[in-house]
Structure formats: C-alpha cells, structure tokens
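Please look over the model below before reading on. My notes follow as numbered points.

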Amino acid sequence: MEKIVGVLLPLPFNDVFDYKVQDDVVLGQIVRVPFGREQQIGVAWKIGKSSNLDNNKIKSVIETFNLPPLQPELMKLVEWTADYNLAYKGLILKMVLCAKGVFEDPKVNILYKLTGKTLAEAKLKNSSARWRVIELLRHGPYSRAEIAKGAGVSQSVIKTMIDVGMLEPLPVKKQKEFLPPKLDFHKVQLTAEQQAAADYLCAKCEAGFSVTLLDGVTGSGKTEVYLEAAAKVLKTGKQVLILVPEISLTTQWLARFEKRFGVKPAKWHSSLSLSERTETWRAVAENRAKVLVGARSALFLPYADLGLIVVDESHDHSFKQEDAVNYQARDIAVVRAKLENIPIVLSTATPDLETIVNVESGKYGCVKLLSRYAAAQMPEIKIIDLKKDKPVKWLPPLKSGKESDNAEQSTPPKPQMSWLAPSLCAALAENLQKGEQSMLFLNRRGYAPLVICRDCGHRIQCPHCTAWLTEHLKSGKLICHHCGYMTNIPKVCPECGSESGLTACGPGVERIAEEVKGRFPEARVEILSSDTASSFNDISAAISRMEKGETDIIIGTQILAKGHHFPALTLVGIVDADLGLMGSDLRAAEQTFQLLSQVSGRAGRAEKKGVVYMQTLYPENAVLKALVDGNREEFVKLEKKSRQTLHLPPYGKLAALIVSGTNVETTSKVAAELAKCAPHGNGVEVLGPAPAPIFMLRGKFRYRLLLKTLRNINIQVILQNWLKTISVPKNVHVEVDINPYSFM
C-alpha cells in the first residue's frame, strides 16, 4: 500500500521532502530518492505528509537500502546538534551518511561449491586431482585460487569440472572481518591507585548515563584504566567508542590496545581510503566492529549498540570543529551518551575550565591519578630567561672531501642566527653523550614565519588572505597556512628587485632543525609536523623510529604534545614558551598551560627522571610559574577569577557571527546592518562589527560580531530572532559559531 514519508537529505536544509513509497518503510530507513535532476541518499525522518503538494506531484522513493535504520537516539542527536549550533539538520546528517561506498553495489567474491553431480555423470575419468578437489569442497566453498592451492591442482582441472557442471559459482559479498577483542588476552598489572580508578569507572558502566572526568598526571596510565571499563562493557556485547583529537595519537594507542586485547580495533579518521570507510561504517552499523577509535567525526557513526564513550585528551581544542558545521565534539559526545543512556569518560591530564566547573557543581564525577606509573617521576621544569641566557650565533660545520672542492666552499661559513640558549645547547650535548633522547618543541611549521626585504621593508603576503607566507626551505616554497596558497621562494624582492634583501624572520621547526644539525652533526635528527608527516603512515613511521631509539633529537609542533610515550626521552626543550601567551583569545592562557603541560609530560616517563627547559622572555608569567611549581590549582583559580569577572564561558555564553563575502563593500554593509539591529540589555551585549584579525581569508573579506550573554539566557533564541531581522544577499555568508574557540 502506497504511503508518504518525509525524507531528510544531507543538504543545507532543515525541512524534510515528501516522497511516495510502496514498501513498509520505518523511521530511520536509508533510502535513495530523486532530487531535481540528480539522486540523493536520505533518511526517512517522518511518516506522513509534510508539504501542501498534490499527491500526484510527489515523486517516489527509488530504492530502500538493506541497511539497519538509524536509531532514534542518533536521529535525536542530529536534531539536537543542529538546533544547538544553529546549523542545518541536513548538514549534520551528511556527517552520518559519510561513507558513500555503503550505498553502492557491494563487491563480491566468486566462490565455487559442489553441485552433487558425480564424475560418472559428468563423463569424466577418475583422477586423484579431481578427487582432491571434491574432498576439499566438501568442507565448504572456496575461490578458484584457494581450490588450486588447497587441492594442489592446476586451473585447468578446476575449469573442466566447472564446464561439465560438477562445480557451480557462489557469489559472496566481500566483507572485512573485524575480530572481537579477547577480554583476558593480557591483563595489565594496575597499581592500587589505578585499580581504584578502574573499579570506579566499571561501577559507572552498570548505572546508565554518567559523565566522569579521569584526571591523571601525564604518564599515570589513564589508558589502562579506561580500557578496564571498556572490557567491562564489551563483556555485555555492547560497542565502545574512543575519541582521540588527532590521528597521530592513534599510532601508539593502537599498539597498546592490541597488547591488551590481542586484536586491533576499528579505526576512523580522514586518512582512511573509501573502501576502508565503507567497510568500517557498515561494520559499526551491523555491530561487527566492537571497538572503534577515531577522530571527532566518529561521533556521528550509526552504532548498533553503543555502551561506552571515552574522550581521550578531552581538553584538546582539536575536538572543536570549525569547518562546514561548527560544533564541540567533546560536548556533543556527552549529549550522545545522555541520549543513549550510557556512561562517558573524559580522560586528560589538563582538564579545561568548563569540565572543572561541571565537576565542582556535581554534574560530572571525577576520579584522579596523582602518580606516574611504576617508578617514573614527574620531570623537573627549568625556566631559561632569554634576556639573561641569550642565544649565541653558531658556525655551520666545514664540509669535507669533494664537497669542499668547489669555489663556494672555499670561503669560511658565516655565523648563523641562533634560537637556542647556551644552557639548552649544553643540556642537549650532555643528553647526546649519555645516549638519551631529546625533544625540541616549537608550535610553528616551516622554516620561517615571515620573509621580509631588508632594503625596502616589503613583506611577502598571501594574495588570498591577510597573512604572511611561511617559508618552507625543504620544499623551496612559500606557503599560506590558512588557505594553502603556494609559490616558489623568489630570488629577488618582488617589490624593489633587491637580490640580497630578502631575509627569513623568526624560526619554524625546519630552522630549529638546521641549527641542531649544525651544532650536533653526529646526532640523528627528525622533524615531525603536518608538513613532514602528512599521512597516518608517515606519523607512525616517525614515532616508531623514536621508540626504537633510531632518533636522537626529535623536533616538532603540537603533534608531539599528545599522548606519545617515549621511554628513553629524558629532555624536552620548549623553544618559545611565550608563543601562545600573547593572543587575545579568551582561552589563550588555558590553552598554553595545557599545551606546555602536555609537552613537558613527554619527559622522563620511564625509570630515568626527565628535565624540561622552557625558553621565555617573561619568566614571571603566571602560566609559566604555575608549570614550574606544578601548581595547577593556582592557575585554575586565577583563570576562574578572570572569566567570572568578565562573564566569559563557563560563567557566561558567547556566540560569534562571521560575515564573509568577495565584495568588501557589500560584506561591510551586511555587518553594519547586523550591528544596527543587534540585541542589547538584560544580560545581552554585542561587540563589533570589526574586521577579523585575518581580514581576508581564501579570497573573502571577513567581519566579526560577538554576542555575549549571561549564563541563564538562551543564546540560540537571541540569535535566531536577531538573524531574522535582516536580509542577507546571496554573495554574503553569515556563519554562526556557538562558544567560539578561534577568534581569527
């Protein structure tokens, strides 16, 4: 019997579209429908008619997929996420239906089985080869290659038996096997403190929805603790989702998981191939993948029977999505856990202020790990005051042999600018002599963040963004880190034509590596950043070399700060501890404290105690003093006071409006119109409009307005009413960012 369903499409719409359907479609069913001149994959979101169209004008569903329907909890999550972030429901759904290969015809393997026809009936002579084929296939169907290998026969024997009808093809859908974890494969011996924490989390796994902060110092073994809770949930047959902020974290995590459970979990991140995404999506939906570790988008997969969510490094700002749809994955994970009525664990050594306030108010539970695992001690942190311990220029080593024969090498090398203080250089030399590993951290990619002409003052800027181009010496390119624009490093100044004026200003990790190699030519040096290791395999290989002791000094960006365990690493040098402290971002101090804490936590994670050197021009800064003293509570106290005074999150609410367009006058006019009709009073304040710090981004001019309200005000309603008051032209886009993390 024909009926009508409302189908939500993965497009920028909030409303469903009506379609006729002959089958008995249920809510959440995935369907293929006509849409304009194309076809779209959508979900039956509503049973019954939603539009005023005549029934004879309503098109029919093309296909109903034989896939598990989306569960009501996931459909509610889509709607909640859209409503909270003022985003289109269709674009949230797009993140659910993200594996396009699932909706194509599945690939099949052709196996062969016996038909029951005998050799006599087939008029074939008895032969040992044919009997071996028959004996093999009595145990089940196999491919031709498997038959040839298993029975030890040629392909011609198999072909003959197929031609006479003794064997028949059996198409079987290709399906990757996801082995279930072996719960007792290798139980780690927990400390008394870890065991108490694990018992607490395991008890929560039997009590429905709860949020627990697993607050443990770096190296305290938080992973082993929450894996015990995962084992508890897996015993019941339910699934476990473990969110990590970046794929670089999963390398060592996967090895640790395999050591504990004997198998690898399913993975979900941007580097997966189309076929891997397809296989994993389907396995999650069919409850064949029991544990999945993935980046923030894994949150929207259609789990068949989710029993636990863990957010590892839950403080990390990478959980904030700022592309297409703005959302905070950690917070959405809490919402999903509540909708599914399951526990969620937030694991971190440096919890953010929002989480701390939720613990103090009783909304979240908390369990702490105050000691490092086994005999490991917390590292000693030393401040290097760059005003007193000034970097000294260094001389590149003289080249020997054939390299020194040419004319260029006949002149003595010139002293080079230094970025490392003498005391840090001495510590690196001592660590090399002891055969121990060192890490240098600078959260700046490339060789130099700016190229300037000393003769005319020209700075080379991106043509599409209000940003300087970063020099990447290894590739010989100038690159914009905002839009990806790339050009060759010019030989002369593009402004004045000077052949000697262009100068690289400031250091990136490539420049630090150049200095380290120059000072310590015998050291095995490696750079790890998103430029040098752009894929999951590249990152895994670099981390593996470090683990095996094939690297003496590793130099990298924030990719090094997160969760890695290098037992032989005893020295960490933070090249520019001030880098994040000078920003206007409301979370600048907090983020710097977290980042430097995490980087420091890489040192001395085994028997030998580690030491951390922080280079700074501001040794009296409160963030640095708190790190040196190991006094997180004092830093949190200061941060709370600052936020409370200004009514900033979590003691108030913020939302950003980013107005962008290719025409600066039109864009400016829309921003001004928004300001004219902005809401004010009764705990509501609007700041701006002002040109964004990066005024032009990817060829679009940008203005920002900031809506600030008291905590008890529904900021989404304020925004909705505000946005209704103006008409936005098609060539201008107004983006809403609830609780913004970036102010650029």
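1. Which residue follows α9, and is its phi positive or negative? The residue is Asn287, and its phi is positive, near 65°. This is a predicted model: local features need pLDDT of at least 70, side-chain atom pairs count only at pLDDT 80 or more, and totals for chains, interfaces and linings use all residues. Residues are numbered from 1 along each chain as its sequence is written, and side-chain values use heavy atoms, leaving out hydrogens and water.

2. Helix α9 covers residues 274-285. Helices are DSSP runs (H or I, at least four residues), as are strands (E, at least two), numbered from the N terminus. The 12 residues of α9 should span 16 Å at 1.5 Å a residue, and the end C-alpha atoms lie 17 Å apart, so the two agree. The expected span is 1.5 Å times one less than the number of residues.

3. Buried residues of α9 include Arg277, Trp281 and Arg282. Buried means under 20% relative accessible area (1.4 Å probe, protein chains only). Their cover includes β3, α2, β7, β9, β10 and β11.

4. Seven strands form an open sheet, paired in parallel, in the order β10-β11-β9-β12-β15-β8-β16. Pairing requires at least two DSSP bridges between two strands. β10 and β16 are the edge strands, each pairing on one side only.

5. β12 (306-312) and β15 (343-348) pair in the parallel sense over four bridges. Val311 stands opposite Leu346 in β15. Helix α10 (329-340) packs on the sheet and touches β8, β9, β12 and β15. Contact means heavy atoms within 4.5 Å.

Definitions and conventions. Buried means under 20% relative accessible area, exposed over 50%, partly exposed in between (1.4 Å probe, protein chains only). Axes are lines fitted to C-alpha atoms, for helices over the stretch in contact, and angles run from 0 to 180 degrees between N-to-C directions.
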